[in-house]
Amino acid sequence: AYEPFFVYSNTQTVDGEKSIVLCNLGILKCKFFSLTETPENYTVVLDEEGFKELQPSEHLKVESSIWLPLNVVSNGNASSSSQAVGVTKIAKSVIAPLAQQHVSVFMLSTYQTDFILVREKDLSVVVGTLEEEFNIYEEVGGESVPMLCQDVANALQKNAKEATRPTVHPVLIPQNQFCVMSLDPDTLPSIATTLIDVLFYSNGPKEDAQSSPSRDLDCIKFFSFSLIDGYISLVMDTEAQRQFPADLLFTSSSGELWRMVRIGGQPLGFDECGIVAQISQPLADSDISAYYISTFSFDHALVPEEDIVRVTDMLQNQRKEPAAS
Amino acid sequence: IMSGSKPDILWSPHHPDRYVICDSELGLYRIGPTGGSETKAGALPLSEETAATLLAINSDTPYMKCVAWYPKHEPECLLAVGQANGRVVLTSLGQSHNTACKELVGKEFVPKHARQCNTLAWNPVDSNLLAAGLDKHRADFSVLIWDISSKFSPEASVASEKIRLSSVDLDSSTVVTKPLYELGQNDACLSLCWLLRDPKLLLAGMHRNLAIFDLRNTSQKTFVNTKAVQGVTVDPHVHDRVASFFEGQVAIWDLRKFEKPVLTLTEQPKPLTKVAWCPTRNGLLATLTRDSNIIRLYDMQHTPTPIGDETEPTIIERSVQPCESQIGSFAWHPSSQNRMVVVSAANRVMTDFTVFERISLAWSSTTSLMWACGRHLYDCSEDGAEGAIEKDIATKMRQRAQSRYGHDTVQVWRNHLLAGGKDSQLKSSHMKQCAEDMELKLQGNKQAVVYSGIKNIVKTSSGTTESRRCWSGSDRQSDVPRYHSEERCLALRLCGWISRGPDIDVEIFLRSLEHEREWERAAAVALFNLDIRRAIQILNKGATADKGDLNLNVVAMALSGYTDEKSSLWREMCSSLRLQLKNPYLCVMFAFLTSETGAYDGVLFESSVAVRDRVAFACMFLSDAQLPRYIDKLTNEMKEAGNLEGILLTGLTKDGVDLMESYVDRTGDVQTASFCMLKGSPGDVLKDPRVQCWIENYRNLLDAWRFWHKRAEFDIHRGKLDPSSKPLAQVFVSCNFCGKSISYSCSAMPHQGRGFSQYGVSGSPTKSKVTSCPGCRKPLPRCALCLMNMGTPVSNCPVTGKSEEKVDLTRENKLAQFNNWFTWCHNCRHGGHAGHMLSWFRDHTECPVSACTCKCMQLDTTGNLVPSDSS
C-alpha cells in the first residue's frame, strides 16, 4: 500500500512584531497562512503570494530560504491499530528518516493535518529518502503530478555527513491546557474582532497575574491561527477559548485537552535537524498522539492531557541517558 | 467561500407536487395549477399554468450546509440536514402522525471531531444508511455512514477513556456518536453518491480523488486522482455513467474504465454550482454556474456507451433560460418529463419550467409528415384539401409511376396520357419525342440532327429559297414572303405541322386538330399556310359543331373581310380590336393579317400560343437573318422558365439539360426529367452529373415507395438506352467441388436481378438443363424441397405431395422464370428453387431441411417486405 505525498506551493517563514502583522491579517488571498503568538514573538508562515503583500520593515526578521510543505495523505486503507495520530503517526516513516539524512524540518500541525516544511534545496534528498515508502506527487495547479527525482543518489551521499551526536534540548512544560479547534470559514467574520483582541490586545496571562500569581510562572502565552487552503485551524489555551462563542468553534466531541511541551532553552534556529525526531520517536514508541508546532524560536509539541505524566517521565529519562536512541 | 444561504431545491421522492427549498431555513411547497378552485391568496405563480403554496417552514436547524430527503415512502417528509459543525440532524416538515417519524425526528449524529458536513446521501435500498461527507481532520475519517435506526449506547462510548462529557451536550438520548462505517481517514469528502449498480458501493469525491468504497470490504477502495471531485452524481439511466465537476469543468466517467474521464465538457468561465442528470430523459445533463441566468444542457442520448477512444462523442449542447433573474439552484422533477423548478439566487423567486425537447422531423415517401418531440410521436397528414395533395409533385409522381408513366416505350406519345393528360408541357415534350422517333425510324442516318433540337437545325440551314405565294383560292398575289429549306422543312415536321413527304401539306394536321375540336388553332394554322378560305371554313365548322361557339362565325366574318390595303378601315380596326379577343390563336390570326411584312412580333411573342406553333410560324416567315435570333431568344426564355415545350428547341443536348434543370428546380419532377434524358445521347447528356442525379433520385423514390417492379422496369429500360448503367454481376454460384463459378462458364446467360444468383433461367422446359458443374462434372446441389439437382427447371420437376401447388406454378407463366432461380439461406446455407422456398415459408417458419431449425425467412429482412406496386 502506497501513500501519496503532497508538496504545496512555496512558503516562507518570517518573524515580526504586532504592528506589521496586524496590517496584514487581511491577506486571505494567500493559500497558506499561519500566525503563531508566543511570549517571545509572532511567527508568520505564508506562501510567496502572501509574502509579496508584506511590507518590508526593520521589525521583520525573515528566514530567507524557501520552504516546501509536505503533507502525508492517507489513502484510507486499513485503519491502523494505533490510536495515535499526527506527528506520532509519521514519526517513524517520515521524521526519523529525514533526521537521519540531516534534513532540517519545520513542523506545523493543524486541526486538519500535519505539514512538514523542508527547505527547497533539500527537496531531492527528501524525495530520495521518502520515495521508498511513499508515492510522491507534486501539486501543480491543483493537479497531482507524480514526482521523479533525478540525482537522488548524489543528493543522498552529499547529505550523509558523519553523524554528529544530537544536542538534547531542555524542555518546558507549562501548566495551561490547550484546545485544538477549527471554524467554519463562513463564520470567520463573526469572530474576527475576538480573534484580533485575543491575538494583539489582551496580554493574556499577564492581566490575570494579579488574580492568580502562580499561573504567571507556570503558564505561557501561546496562540496559533492558520488558514490553509480554506481551512481554519486554531490552537489556544482554555483561557482564550472562553472569550469565543462556544457554538462556533469546532472541536472533538469528547472535548479533549492538550498539554504543551516546549523544546529549546535558547532559540533553536532553522538549521539543526533531529529536534522533532527527538520528541516524536519516544512518543511513537509509547503510542501517544501529538501536535507539533515549530515557531521562529522554539518548537512546541502538544500531547493529550492524560498522557502528560508519561511524557514528562519519558523526557526526563531521555535527558538522563541521552545516548539511548 | 460558499455563502451559508445559497438556496437549493429538493423534490419529494414520492409526492410529485411537493418540494423543499432550503436556504437559511427549510420551506415545503406544494405545486398546483393556477386558477384552480383551491388556489389561495398566498399562492405564488411559478409559470403561466402553475403556482406554489407554502405548506410549512422549518428553521430549527441553523448552519445548514446540505440536505437530503429520506428516500422511502414512509415517513414521508423526513429530511437529513448536514450542519457546519459536521452534525447531521433528522428533521421533518409539516405534521406527521407517523410514529417512526416521531422517533427519528430530532436525532443527531455527531462526528468525533467537528468540521463542516459537505454532503449527505441516503442509501437508495437500505434506507437506514445515511452517508455524510465531511471536511478533513488530521485524526478522523471524512466519510461517516450512520445507521439512523441505531440507539445511543453510552456503554460503547465510555469504553474509550478519552471521552469526557464536559462541555459537549452528549447527555441527550437522541445523539448518536458511533457511525456504522468510517471511511477516508485524514482526507476530505466533498461529494457523495451511492452507486445504483450496487447499493453497497459508495462513490465519494475526496480531496483530489474520486474513490469508490465497498461496504463489504472497507479496507479497500478504488480511486482515481482527479480535480473533478465535486457534485458526483450517477446517471439514473446508465448506471455506469457518472458526472463530477471542478470549477467550470464537468467530467463524465464510465465506472467500467475508471481511469480517466471518458469525456470532459466545454469549460465554463464561472465555477459550476450544480450538475444533475435528468431523471425522466436518457442522457440529459443540466449544469448551472455561479451568477448565471441560464441552465446549460448536454444531450448525450446519442453518445455511445461505453465511449470508445477513437470515436468523437456526439453531444448536443444548448442552454435554456427559465427566468430573467440569476439562478440559485434548480431541481429536475422526479417524474414529470423534462420539468424542473428553478429558484433565484436572491429573494427565493421560483419558476416552474419544462425543457422543450428538440424536434426531429421526417417526411415519409408519401405525403405524410412525422415528428418526434420528447416521448411523443406526431403523425401529420393532409386531410380535406384534396387539391393540395393532387398538386403535390410527390403524389403526382407516385400516381404516374403507378400508371406506368414513362414505361410505354413503343408509343412514346401515350406517356402524357399515362401522366394524367392534363399537363400541356408534358404533352408537348412527349409529342415531340414521338415525332422525333418517327423521324428516326424513317431517316435513320440523321439521328444526330433530329435530337439536337430546332435551335441547332435552323443554324445549319442553308440554301433557303424565298417564295411569294398566292392566297389559296384567290388570284391576288400575296406580298408575304415565305422561306423554304430542307432544315426548315424538318423543323416543321418536328413541330408536327406537316408529315413526311415532298409535299408540304398541312391538311392532315388540320384534320387532326379539327378532330380534337381545336378550331381556333386549326384556323390559325390554315391561315398561316395562306389558306384563308380553309380558315373561315374551320371556324364555321367550329361554330356549328355540337356545343360549338357561335362567336366563331363572327370571327369568320371578320376574317372574310380581309384586305391588304394598308390604310383600310378593316386593318385599322382589326389591329386594335384583336387584342380584346380572348383566344390567343384568334388574336394571332389578326396580328398576322395586320402586320407589316417581316414584323410578326404580335405572333412570335404571344406566349399563350404553343411554342411549336410559333416556331413553325417562324420557320415559314422569318428570314435566315431573323430566324436564328428569334429561336435563340425563345430558347433562352424557355430555359429560364424551365418550360418543357422548349425541349423542341434545345433537343436533348446540354441546352436541354439546362432547361430541364430549371424545370426540376421549379417542379421537383425528377421522373419526367429521368425519362426524357434517358433518350439523350449516352455520351454527353447521360453523363451529365445532373442527369445522373435525377435518375438516381428517381430510383430512390421508387424504392422508397416500394415500387420495386417499377424500379426494375426502369432499370431495364435504362439499361437498353444506356448500356453503361448495367451493374456488373455481383454474386456467382460456385461449384462445391471445384470452386469455379458455374455461371461463368455459362456467361451467355443474361444477368437478372440483384442479390440473387440464378441458374437455368430459361422458362422453356424443353431446353436441356445443366445439372452438373460445367467445370468438373460433379452434380450441383439439390433443391431441399423437390430434391432435384439445381439447374433443373421447376416446371419439369414433379412436385410430390402438393398437386395444388404444381398447378399454381405452371399457370403463373410469368413467375416460372423466377421460380427456377436458386436461392439459399445465408445463415444455414440450405436452399432450393425460389418458388419452392417461397411457398414453403408461406406455411412454415423453419428451414425445410429436417433437423435444421434455422428461421431462414425471418432472418431475411427484405424477404418480408411486400412491394406496393404489382409487376
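Two bridges join S4(B) to strand S5 (residues 50-58) of chain B, and the two run antiparallel; strands here are DSSP runs (E, at least two residues) and helices are DSSP runs (H or I, at least four), numbered from the N terminus, and two strands pair if DSSP finds at least two bridges between them. Within this pairing, B:Leu44 has B:Ala52 of S5(B) as its bridge partner. The sheet is an open one of 5 strands in chain B, ordered S1-S2-S3-S5-S4 with antiparallel pairing. Strand S1 (8-11) and strand S4 (44-45) of chain B each have a single partner strand and stand at the edges, so one side of each lacks a neighbour in the sheet.

The model is predicted: local features need pLDDT of at least 70, side-chain atom pairs count only at pLDDT 80 or more, and totals for chains, interfaces and linings use all residues. Residues are numbered from 1 along each chain as its sequence is written, chains are lettered from A and ligands numbered from 1 in the order in which they are written, and side-chain values use heavy atoms, with hydrogens and water left out.

Strand S10 (residues 117-122) of chain B is joined to S11(B) by 5 bridges in the antiparallel sense, and B:Trp122 stands opposite B:Leu130. Strand S12 (residues 141-147) of chain B also pairs antiparallel with S11(B), over 5 bridges, and B:Ala131 has B:Ile145 as its bridge partner. A hairpin through 6 residues connects S10(B) to S11(B), and another through 6 residues connects S11(B) to S12(B).

Among the helices, H4 (residues 393-402) and H21 (residues 670-678) of chain B pack at about 50°, with axes 9 Å apart; axes are lines fitted to C-alpha atoms over the stretch in contact, and angles run from 0 to 180 degrees between N-to-C directions. H4(B) and H21(B) are therefore oblique to each other, given that angles under 35 degrees count as roughly parallel, over 145 as roughly antiparallel, 65 to 115 as roughly perpendicular and the rest as oblique.
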